[in-house]
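Student: Please take a close look at the aromatic rings in this structure, and at the packing around one of them. Where should I start?

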Amino acid sequence: MRGVNRESREITLENAKRRISSMAGSLGLTAHHTESAFRLFLLALQHNFVRGRKSEYVISSCLYVVCRREKTAHMLIDFADVLNVPLYYLGHTFLDFCSLLNLQLPVIDPSLYIERFAAKLGFGDKTHAVANTALRLVQRMRRDWIITGRRPAGICGADLLCRWLVLVDAAALAANTPIDLTKYPADLVVTSFYKIFGHPTGIGIARICDSESAALLNKAFFGGGTVEASLSTERYHVLRKSASERFEDGTVPFTSIVALKFGLDTLLEGPAPGGMANIQRHTFCLAQYLHAQLAELRHYNGAPAAVIYGRHHLKDSSQQGPIVAFNLRKASGEWVGYKEVEQLAGMENIHIRTGCFCNPGACHYYLGLTSAEVKQNLAAGHVCWDGHDVMNGKPTGAIRASIGYMTSWEDIDTFLSFLKKYFVETAPVLATVGALSSEAHKELDLRLSGLFVYPIKSCKGFEISGEWEIGDHGFVYDREWMIVDEMGSGINQKKVSKLCQIQPLVDREQGKLHIDAPGMERLSLDLDRFPDEEIALDVPVYGDEEVKEWCTLVRKSPTKLRKAGRSRGGQTEDEAVRA
């Protein structure tokens, strides 16, 4: 019996090698692929994977595993076509085989199929050019996370068949990178001068390469000067033929267009003189410096203070723009909310962006947020731009430092000093007094160093000295007033971070409320203009033009000062406190 079993096994292996060679020949695979597939078949035989399955399915699975490892331009459907069997059954066998041997195969690269598909689509003498364009598109789609989760064959088909009228949104790229449209041709290119210069707003470029591309832009409405004829009695109008005449409604912003000259001159003669190539080198060096310094930030216990996202390790300005996206952690490992960082940065006159930056794909990938978690956060109340920066132990966004041509080395060092000041722990944080035992209380020498009153909600406070009265709700004049918008709604620092720079001061001897802010003359108001009794409904509003003008200058929109409805009366002599 042993001899019969041995003979049967040898026949099985001989037949398998012959079938593998035959199938490999049909698909243009080499002897190397055949030998590799045969070794996989031996493993399948040892694990009894062949029993109960069609041998051609097992053989195809072995060959396809080799193709995936060797990154050949073969698909599983090619094997199904050779065998003339449904792809479903062959795919089921392939997946079972990978699971049995715990095979970790590389993700399919769509660019492997571009040349093959292009040759079959009849592009003629343009086949090579079309294939090269499609390859560049695949590479760009991979960088922008468009490929993730999509079928490789679908990506290739889209890149090849659309002839791809390509629209490039160069708003961010044009701010610091030379753009050569002869090297990377595009049918439509748009950019914003605001992104480049910071001023003027509302003006940009839309470059349309030919009339074919322009004809595809169907404008559903029209404005002044953009039509050849229109009717008021029915929905009818005929747009002008020229693309510029068709899309530029009304009077063009000619003053902004004139201002562009000075912006372009600044690019040539400013902090990084010599044009966009020098700006690219300047900004990229600053970004790499910031990245390196962030990576070195450590808490007292050695834990990293920053978690950095992106591809800065590439060391190539053509692959990585001058931005650094990151989040901060405490020494304990807890996340620091990005909104807290943004608000403190505003107090230090540092402007950063937070959130997902209109790039949910990369944001969710780097933060490790699943689709289910994003939906769960939405159901819990989180939407873009709100203050829910950490939910269920994960950040919902990140911090972005964007570097432009005007950014200097001193700016980067200032930002790093800010992060070290507020977010790098140099010693363990003392536990709250309430959490300490009575024995620990005795060992601590706790002293009250000062008391503060905040007359206007969300603005600065001042230290009180001498005697100070206590009312029904705490210290008199503490949070007695607020700044409200034109609708009467209170404004806080979450809405307007500049409130942290407003300094109120109560002068009880003169009966005055003094209010100071950077770049503003002092505003002094009589305290007795507010009634002492608490008013629940008809809350008095300082509506004098002087007050309105001062508050509006601070916020740049109509605002007023309002009493918050807290009582200042009712205290007794025993309720006075000496600070």
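Tutor: Start with a definition: contact means heavy atoms within 4.5 Å. The model is a predicted one. In that sense of contact, Phe79 touches Met23, Leu27, Ser60, Leu63, Tyr64, Cys67 and Leu90, leaving aside residues up to four places away in sequence. At 0% relative accessibility, Phe79 counts as buried, because buried means under 20% relative accessible area. Tyr64, one of the residues that Phe79 touches, counts as buried as well, at 5% relative accessibility.

Now for the rings. A pair of aromatic rings is described by the distance of the centres and the angle of the planes. A search of the whole structure finds 15 aromatic pairs. For Tyr64 and Phe79, the ring centres are 5.9 Å apart and the planes stand at 75 degrees, so the pair is edge-to-face; the cut-off for that label is over 60 degrees. Tyr64 belongs to helix α3 (residues 55-70) and Phe79 to helix α4 (residues 76-83), so the pair ties together parts that are 15 residues apart in sequence.

Compare this with Phe415 and Phe418. Their ring centres are 6.1 Å apart and their planes are at 25 degrees, so this pair is stacked; here the angle has to be under 30 degrees. Both residues lie in helix α17 (residues 409-423), three residues apart, which is about one turn of the helix. Phe415 and Phe418 are both buried. They also belong to one aromatic cluster, formed by Phe326, Phe415, Phe418, Tyr422 and Phe423.

Back to Phe79 and the packing around that residue. The largest nonpolar core has 35 residues, and Phe79 is among those with the most contacts inside it, along with Phe41, Leu63, Val65 and Phe97. Two or more residues of this core come from each of α1 (2-26), α2 (31-46), α3, α4 and α5 (87-101). The largest share, nine residues, comes from α3. Apart from this core lies another, of 27 residues, which includes Phe326, Phe415, Leu419 and Phe423.

The charged end of Lys261 sits over the ring of Phe262, 5.4 Å from its centre. The charged end of Arg329 sits over the ring of Trp335, at 3.6 Å from the ring centre.

Conventions:
Residues numbered from 1 in each chain as written. Predicted model: local features only at pLDDT ≥ 70, side-chain atom pairs only at ≥ 80, totals over all residues. Heavy atoms only, no water. Phe/Tyr/Trp six-rings, centres within 6.5 Å; stacked < 30°, edge-to-face > 60°. Helix = DSSP H or I, 4+ residues; strand = E, 2+ residues; numbered from the N terminus. Buried < 20%, exposed > 50% of the residue type's maximum accessible area, 1.4 Å probe, protein only. Lys NZ or Arg CZ within 6 Å of the ring centre and 35° of its normal. Core = buried A, V, L, I, M, F, W, Y, C linked by side-chain atoms within 4.5 Å.
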